[in-house]
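Me: Please take one part of this model and look at it closely. I want the aromatic rings and helices that bring the chains together, with cut-offs.

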Number of protein chains: 2
Amino acid sequence: MASENVVIRAARPGDCEEILRMIKELAVYEKMPEKATLTEEALRDDAFGDQPYYRALVAEVGSNLTDRTKLIGYAMYYFCYCPWLGRGIYLEDFYVEPAHRGRGIGTSIMKEVAKIGVKHRCNKMQWVCLNWNDVAIKFYKKHGGKDVTVEENWHLFRMDQQELTAFARE
Amino acid sequence: MASENVVIRAARPGDCEEILRMIKELAVYEKMPEKATLTEEALRDDAFGDQPYYRALVAEVGSNLTDRTKLIGYAMYYFCYCPWLGRGIYLEDFYVEPAHRGRGIGTSIMKEVAKIGVKHRCNKMQWVCLNWNDVAIKFYKKHGGKDVTVEENWHLFRMDQQELTAFARE
């Protein structure tokens, strides 16, 4: 429960249309709308098919008068692993619609992911953040997160699809 | 098949004792042996229990004469996810025993992980590398990897167990 009429709950297959809408909203906000190419079908299959590739939480606003509900935020996460420490939880994007910000809903969503991590006996939570995003960095540090790229020299590397396919075929 | 008598295959529960031995070898090599606190039981449960938190490959040396085999390398991986692109594969540590280096076994192990990624229709492979590890960075770049911390300003953040537990309880 993030706020009087906001409930944070596990996503269901029927939520994927609205989750995709918010993913695209966030991509516009981040000025990279062309990068959000995922489809509703892929989102549904990847979380609710035979093998879950990610899991999601949604923030839902309910109204007792009309019995209509609406999603106003989401988080995606998955489990990660460390050969020294074991289980970890990885927080992928989390988002709250602009009109609903400033009420602690984002913190509540992140905290729910942390609770799931603790429940699964995870030894760490990880995520990435853009180096210039001072507001987010301040928020993360306030809650005990640390920038391990700066403190421990860990850099993130990536092969995109083209390079991955080429490397696999070499 | 990495080399004449080396086979790279999916790990089995009975491999966990040897995988743990190699995890500890790698931790010594990295001058942080005290950090490798995971147990064989946890390694087995976390890959082969009800919910796989990671998956592993091993490199096995076989001998037809004695029918005895020995593990000389391993990789751990799991699936990750991106709200824009969908499925990805995350390469956790991979390791080859010092006596068996220089024969391309490490490359073969990494390539097997890439192949699994392609098979699962992953759009990227990710991993981390220490900024001062020039040999590894050169190797990764040669094969199409890029340092997205430098090129796209992504920094890795982490909450360790103490902070995670505190945040979840706040």
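Reply: **Ring pairs and helix packing**

A:F157 is buried, at 0% relative accessible area (buried is under 20%, exposed over 50%, partly exposed in between; 1.4 Å probe, protein chains only). B:W127 is buried too, with 1% relative accessibility.

This is a predicted model: local features need pLDDT of at least 70, side-chain atom pairs count only at pLDDT 80 or more, and totals for chains, interfaces and linings use all residues. Residues are numbered from 1 along each chain as its sequence is written, chains are lettered from A and ligands numbered from 1 in the order written, and side-chain values use heavy atoms, without hydrogens or water.

Over all chains, the structure holds 18 aromatic pairs (ring centres of Phe, Tyr or the six-membered ring of Trp within 6.5 Å; planes under 30 degrees apart are stacked, over 60 edge-to-face, the rest tilted). The ring centres of A:F157 and B:W127 lie 6.1 Å apart, and their planes meet at 20°, so this pair is stacked. It joins two chains, because A:F157 sits in strand β7 (residues 154–160) of chain A and B:W127 in strand β5 (residues 124–130) of chain B (strands are DSSP E runs of at least two residues, helices H or I runs of at least four, numbered from the N terminus). Ring pairs also link B:F157 with A:W127, A:F139 and A:Y140 in a cluster.

Now the helices. α3 (residues 105–119) of chain A packs on α6 (residues 161–169) of chain B at about 125°, with axes 8 Å apart (axes are fitted to C-alpha atoms over the stretch in contact; angles run from 0 to 180 degrees between N-to-C directions). That makes α3(A) oblique to α6(B) (under 35 degrees is roughly parallel, over 145 roughly antiparallel, 65 to 115 roughly perpendicular, the rest oblique). From α3(A), the contact takes A:T107, A:M110, A:K111, A:A114, A:K115 and A:V118; from α6(B), B:L164, B:T165, B:F167 and B:A168 (contact is heavy atoms within 4.5 Å). Six of these residues are nonpolar, two polar and two charged (Ala, Val, Leu, Ile, Met, Phe, Trp, Tyr, Cys and Pro are nonpolar; Asp, Glu, Lys and Arg charged; the others, Gly among them, polar).

Next, α6 (residues 161–169) of chain A with α3 (residues 105–119) of chain B. Their angle is about 125° and their axes are 8 Å apart. α6(A) and α3(B) are therefore oblique to each other. A:L164, A:T165, A:F167 and A:A168 of α6(A) meet B:T107, B:M110, B:K111, B:A114, B:K115 and B:V118 of α3(B). That contact divides into six nonpolar, two polar and two charged residues.
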